[in-house]
Amino acid sequence: MQINPGAAEFPHRQIAAQLKAQIRRGDWAPGERLPSIPAIAEMFGVAKQTVQRAVDQLRVEGILITKPGSGTYVRGTRRRLNRLSRGRYGGFRGYHTDLAARYRQQLVSVGRAAAPPEVADAFGVADGTELLCRRHLVRTEDSPVEVGTSWFLPADTAGTSLERTEAFGRPLYQEAEEATGRRYVSATDTISARQPSREEAEILQIRPDTPVLHLLHVAYDGHRKPIEVAQATWPGPVTTLTEEYKIPAPTPDPAPDPGLVLG
């Protein structure tokens, strides 16, 4: 292991690149602890502060995770975000067993709360309007991977099961359709990147400067009126977005009209 002092790249980034290559090569497996900071510094012949900067960079990128009093470990595999919120509806509008096998969703709270601006805009109400919100946390085996909230208009949910603090054993949209008497017909997904709030960083166990991906999902009925507005936030460096779709074949040019005279 060595760095090139004459290279344009900073020493800590050279070290980060080499550590990343070793992890990719399998020298350290997911969940395995790396050597200590002083040990890595001795390997490269640099100051401990330089190695600490390299480790901090890989933590921000989601490759490493530090456990206080224990050490620095290789983080688990990336979470593949497949088809955005379409995955929540599953095949044939049923329970998505593939997602259920990989992720565990925990209902955190149910109650009235002030609508944030993007949710208020989606429903067409004033900022801060009290709406019903159901907050949840999604985990894999090793860490939390999503914080989310589903919002509903109180007029749609008053006296229904959606106001109860309980999991339904089936997708939320199916419970919402039955409770509101309105069918989900279409939806829009808007994804963006930003810095996490302090609460999000703590829940997702990421550094405050680690970017997150944020999804706004708006589900509509047949009259294009919102039924549910859902928010989901994931650690950006360990989340990948994958879309698979068909590409239409070229449309052949129409045959010329034999009765058309050119020239």
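In the predicted model, the side chain of Thr239 reaches the backbone oxygen of Pro235 at a distance of 2.7 Å. Thr239 belongs to strand β10, which spans residues 239–242. With a relative accessibility of 6%, Thr239 counts as buried, because the cut-off for that class is under 20%.

An open sheet is built from six strands in the order β4-β5-β6-β9-β8-β7, and the pairing is antiparallel. Its edges are formed by β4 (104–114) and β7 (186–194), each of which pairs on one side only. On average, neighbouring strands of the sheet are turned by 15° against each other, direction ignored.

Within this sheet, β5 and β6 run antiparallel and are joined by eight bridges; Arg135 has Thr149 of β6 as its bridge partner. Strand β6 is largely enclosed by the rest of the structure, because nine of its nine residues are buried. Strand β9 (residues 226–235) is also joined to β8 (residues 212–220) by nine bridges, and these two strands run antiparallel. Here the bridge partner of Val218 is Val229 in β9.

Helix α7 (residues 172–180) lies across β5 (130–139), β6 (144–152) and β9, and runs at about 10° to β6. The loop between α6 (154–157) and α7 contains Ser161. This serine, Ser161, counts as buried, since its relative accessibility is 11%. When residues up to four places away in sequence are not counted, Ser161 touches Arg134, Phe168, Glu175 and Ala179.

Helix α2 covers residues 37–44, and its buried residues are Ile37, Ile40, Ala41 and Phe44. These residues lie on the same side of α2, because they cover an arc of only 105° around the axis. In an α-helix there are 3.6 residues a turn, so residues three or four places apart point the same way. The cover over the buried residues of α2 includes α1 (11–25) and α3 (48–60). Gly45 follows α2 and has a positive phi, near 70°.

Side chains of opposite charge can pair when their charged atoms come close. Across the whole structure, 13 salt bridges are found. One of these salt bridges joins the side chains of Arg13 and Glu9, at 3.7 Å from N to O. Arg13 is partly exposed at 41% relative accessibility, and Glu9 is partly exposed at 38%.

A salt bridge also links Glu178 with Arg170, where the closest N and O atoms are 3.0 Å apart. Glu178 has a relative accessible area of 59% and is therefore exposed, whereas Arg170, with 29%, is partly exposed.

In helix α8 (residues 198–204), Glu202 and Arg198 lie four residues apart, about one turn of the helix. Their side chains meet in a salt bridge of 3.4 Å, N to O. Glu202 is exposed, with a relative accessible area of 53%, and Arg198 is exposed, with 70%. A network of salt bridges links Asp56, Arg59, Arg207 and Asp209.

Note on methods:
Residues numbered from 1 in each chain as written. Predicted model: local features only at pLDDT ≥ 70, side-chain atom pairs only at ≥ 80, totals over all residues. Heavy atoms only, no water. Pairing = 2+ DSSP bridges. Axes fitted to C-alpha atoms, helices over the stretch in contact; angles between N-to-C directions. Contact = heavy atoms within 4.5 Å. Buried < 20%, exposed > 50% of the residue type's maximum accessible area, 1.4 Å probe, protein only. Polar contact = N/O pair within 3.5 Å; in protein donor to acceptor, adjacent residues only side chain to side chain. Arc of directions from axis to C-beta. Salt bridge = Lys/Arg side-chain N within 4 Å of Asp/Glu carboxyl O.
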